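Here are some notes to read alongside the model, written as numbered points.

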Amino acid sequence: MNAPSLEELADLATPWAIRVVITLGVPELLADGTRSSEDLAVAAGCDATYLRRMLAHLAGRGLFRQERPGWFALTEAGQQLRGDGARLGYGLDGVGGRFAHAWTTLADAVREGRPVYAEKFGRPFWEDLAAHPELSADFDAMMGPAGHGEPDPRILPEEAWAGASTIVDVGGGAGYKLAALLKARPELRGTLVELPPTAARAEQVLAEAGLADRSEVVAQSFFDPLPAGADLYLLSSIINDFPDPEAAAILTRCAEAAGRTGRVLVRGAVADDDHQPSGLEVELVLLGGRVRGPDEFAALAARAGLAVRALHDQPAGLVAELIPD
Ligand SMILES: C[S@@+](CC[C@H](N)C(=O)[O-])C[C@H]1O[C@@H](n2cnc3c(N)ncnc32)[C@H](O)[C@@H]1O
């Protein structure tokens, strides 16, 4: 197999054209079949010539089919461009626009060894979301079923649940994961800790799921002392968002609250091999975070007085189970 050319590897036309057609809503306009680029341009409120060139380019990438000159349909692969998940993740008018433009900070981030998101957008990522309620709502929705599908409650093997009747979901987002856990385990009670705007959405999600009587939402930062004495503390897609000092500080808050008897569960933050590259993911440019290998993660946990009891390879992803050291 020939190695891809530099031009193919460095091409920016495809990723930007994908984002632009999603932003313009073109894939939805093709839900019922073939339309001309002129007709699409009127419906999307854009220029027909530019649109036709973009669609022809993306036809070359297998996402659209040009049935006759200037007439386009979505291919099977192009169906991925439709729906809320695509809009939230890649639409340039919402949080997807922040993700896309944040990549332009990569060179400075690499030079300085830290995220420079605030220099471009005026505030660090979470503060930027708090200052723009529409972006925060997008982000919460993206982390929920619209972006990531229905959450899988299988975070621990059955035997590891033994004796656990309370859980704190630390940085639990809009409550979709906690709702799935509570639904799957009728004996479980849950507390969700989140920043204020997201905490309010979580309260609503849990109430709509009929779980208000088994759940509590606490609007506070996870850098402050956490509700103490629960059996389990869940950090799902949190530790991978932060560089070591902040990640260790969050784990320390969990360790303090868990005491000698609680366990801390960390999902989405540990790779199963120290030698595999941890990946260049958007968390790096947004927040300076990354997935860590098992040894590196164990060293981080030790800074918080925690030891890795087990790494569970669960359908919901690899989960590190931590106990007091
Ligand atoms: C990547 S999301 C993960 C959400 C959820 N745990 C999940 O797995 O879907 C990170 C979450 O951390 C929350 N967060 C960020 N900084 C926080 C802080 N200082 N205190 C509490 N929550 C915070 C964000 O609001 C966001 O919902």
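1. A definition to start with: contact here means heavy atoms within 4.5 Å, and angles run from 0 to 180 degrees between N-to-C directions. Please also keep in mind that this is a predicted model. With that in hand, look at helix α13 (residues 176–184), which lies across β4 (166–170), β5 (189–194), β6, β7 (232–236) and β8 (263–267). Its direction is at about 175 degrees to that of β5.

2. Now the sheet under that helix. Seven strands make up an open sheet with mixed pairing, and the order is β6-β5-β4-β7-β8-β10-β9. At the edges sit β6 (215–219) and β9 (306–314), each of which pairs on one side only. From one strand to the next, the twist averages 20 degrees.

3. Which residues are closest to the ligand? They are Gly171, Lys177, Glu194, Phe222 and Ser236, out of 17 residues that surround it. By class, this shell holds 7 nonpolar, 7 polar and 3 charged residues.

4. The side-chain contacts deserve a look too. Glutamate 194 places a side-chain N or O atom 2.5 Å from an oxygen atom of the ligand, and a polar side-chain atom of serine 236 is 2.6 Å from a ligand oxygen atom. For serine 221, the distance from a side-chain N or O atom to a nitrogen atom of the ligand is 3.1 Å. On its own the ligand has 590 Å² of accessible area, and the protein covers 94% of this.

5. There is also an open sheet of 3 strands, antiparallel in its pairing and ordered β1-β3-β2. Its edge strands are β1 (35–36) and β2 (64–68), each pairing on one side only. Helix α5 (residues 48–60) packs on this sheet, where it touches β2 and β3, and its direction makes about 110 degrees with that of β2.

6. Strand β3 (residues 71–74) pairs with β2 in the antiparallel sense over 4 bridges. Within β3, tryptophan 71 is the bridge partner of arginine 68, and alanine 73 is that of arginine 65. The hairpin has 2 residues between its strands, and glycine 70 takes a positive phi near 85 degrees there.

Methods. Residues numbered from 1 in each chain as written. Predicted model: local features only at pLDDT ≥ 70, side-chain atom pairs only at ≥ 80, totals over all residues. Heavy atoms only, no water. Pairing = 2+ DSSP bridges. Near = heavy atom within 4 Å. Polar contact = N/O pair within 3.5 Å; in protein donor to acceptor, adjacent residues only side chain to side chain. Areas by Shrake-Rupley, 256 points an atom, 1.4 Å probe, with all protein chains shown as cover. Nonpolar A, V, L, I, M, F, W, Y, C, P; charged D, E, K, R; others polar.
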